[in-house]
Amino acid sequence: MIKISPSILSCDYSKMGEEFENMKKCGADWLHIDVMDGHFVPNITLGAPLVKCLRKCSDLVFDCHLMISDPKKYIPDFIKAGADLICFHVECDSPIDETLDLIRESGKIAALAVKPGTPVEAVYPYLDKLGMVLVMTVEPGFGGQSFMADMMDKIVALRAECAKRGLDIDVQVDGGISLETVEAAAKAGANVLVAGSAIFGSEDPTKTIAELRSKAAKYF
Ligand code: DX5
Ligand code: ZN
């Protein structure tokens with residue numbers, strides 16, 4: 001099933017609550033919340049206290065993308081704040097299995113992300129524990145970068161591995177997704193599409209979300 005997850009990195013931070021409410025009206029399925037610590041990536045965004053406040057503004061799935069060096073330390077805070085899905089990077093410094101177990105024990109969806117330079121095979125040892133894998137199509141840290149089409153092979157390989165093991169998990173793509181690039185991602189096998197600048201920079205986000213969905217749906 002196709003899910004459109006607008007990245008709130010590109011929203012107007014002075015009226016975040018309204019932006020969150022509005023995204024549901026525009027047809028979004030999830031909300032992609034980019035958490036950056038200024039250490040794992042060269043940018044700082046927001047933390048669990050803000051997520052807790054924003055929880056009052058939306059009942060959409062909170063898809064929290066943690067671009068932080070030590071996710072294990074902060075998992076309890078994000079769970080308490082109301083995250084539904086917690087995705088962290090396989091390149092982080094925390095023990096991967098223990099961090100995944102912490103998320104899963106709380107009943108939340110656990111996910112792993114890979115940066116462009118990391119082979120997707122890095123997540124294979126953990127596939128049984130994952131509800132989703134995120135294949136980054138830009139270097140994490142900033143919105144508005146160009147889509148890296150050469151990451152599509154990773155998505156194809158990941159889908160093949162999941163099929164081999166009889167696993168049906170979500171595959172998310174994040175970075176540079178737009179009306180021009182969404183079909184390539186969906187064709188490769190990505191069904192959860194994150195888009196920041198393409199949605200928040202659009203004159204008509206409702207139309208953009210509908211178009212992203214229909215272009216991707218051709219392949220599912
Ligand atoms: C980048 C973030 C993305 C980003 C995507 O590190 O993980 O979620 O907001 O932005 P766009 O869609 O503008 O490339
Ligand atoms: Zn993201």
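This is a predicted model: local features need pLDDT of at least 70, side-chain atom pairs count only at pLDDT 80 or more; totals for chains, interfaces and linings use all residues.
Entry 1: I began with the strands. An open sheet of eight strands runs in the order β1-β8-β7-β6-β5-β4-β3-β2, and the pairing is parallel. I then asked why one side of β1 and of β2 is left without a neighbour in the sheet. On average, neighbouring strands are turned by 20 degrees against each other, direction ignored.

**Entry 2: around β7.** Next I looked up β7, residues 170-174, which pairs with β8 in the parallel sense over three bridges. Here I found Q172 opposite V192 of β8. I also noted helix α5 (152-165), which lies across β5, β6 and β7 and runs at about 170 degrees to β7.

**Entry 3: the largest pocket.** How much space lies in the largest pocket? I wrote down about 260 Å³. Its lining has 24 residues, with G143, G144, D174, G175 and G176 nearest the centre. By kind, I listed 10 nonpolar, 12 polar and two charged residues in this lining. At least two lining residues come from each of β2, β3, β8 and α7.

**Entry 4: the second largest pocket.** This one has a volume of about 150 Å³. It is lined by 13 residues, and V35, D37, I68, Y74 and F78 are the closest to its centre. Which element gives the largest share of this lining? I found that α3 does, with three residues. The lining divides into eight nonpolar, two polar and three charged residues.

Notes:
Residues are numbered from 1 along each chain as its sequence is written. Chains are lettered from A and ligands numbered from 1 in the order in which they are written. Side-chain values use heavy atoms; hydrogens and water are left out. On a 1 Å grid over the protein atoms alone, a cavity is a set of points where a 1.4 Å probe fits but cannot get out, and a pocket is an open set with protein on both sides within 12 Å along at least five of seven lines; lining residues have an atom within 4 Å of a point. Grid points are joined across faces, edges and corners, and a volume is the space filled by probe spheres set on the points. Helices (H or I, at least four residues) and strands (E, at least two) are DSSP runs, numbered from the N terminus. Ala, Val, Leu, Ile, Met, Phe, Trp, Tyr, Cys and Pro count as nonpolar, Asp, Glu, Lys and Arg as charged, and the others, Gly among them, as polar. Two strands pair if DSSP finds at least two bridges between them. Axes are lines fitted to C-alpha atoms, for helices over the stretch in contact, and angles run from 0 to 180 degrees between N-to-C directions. Contact means heavy atoms within 4.5 Å.
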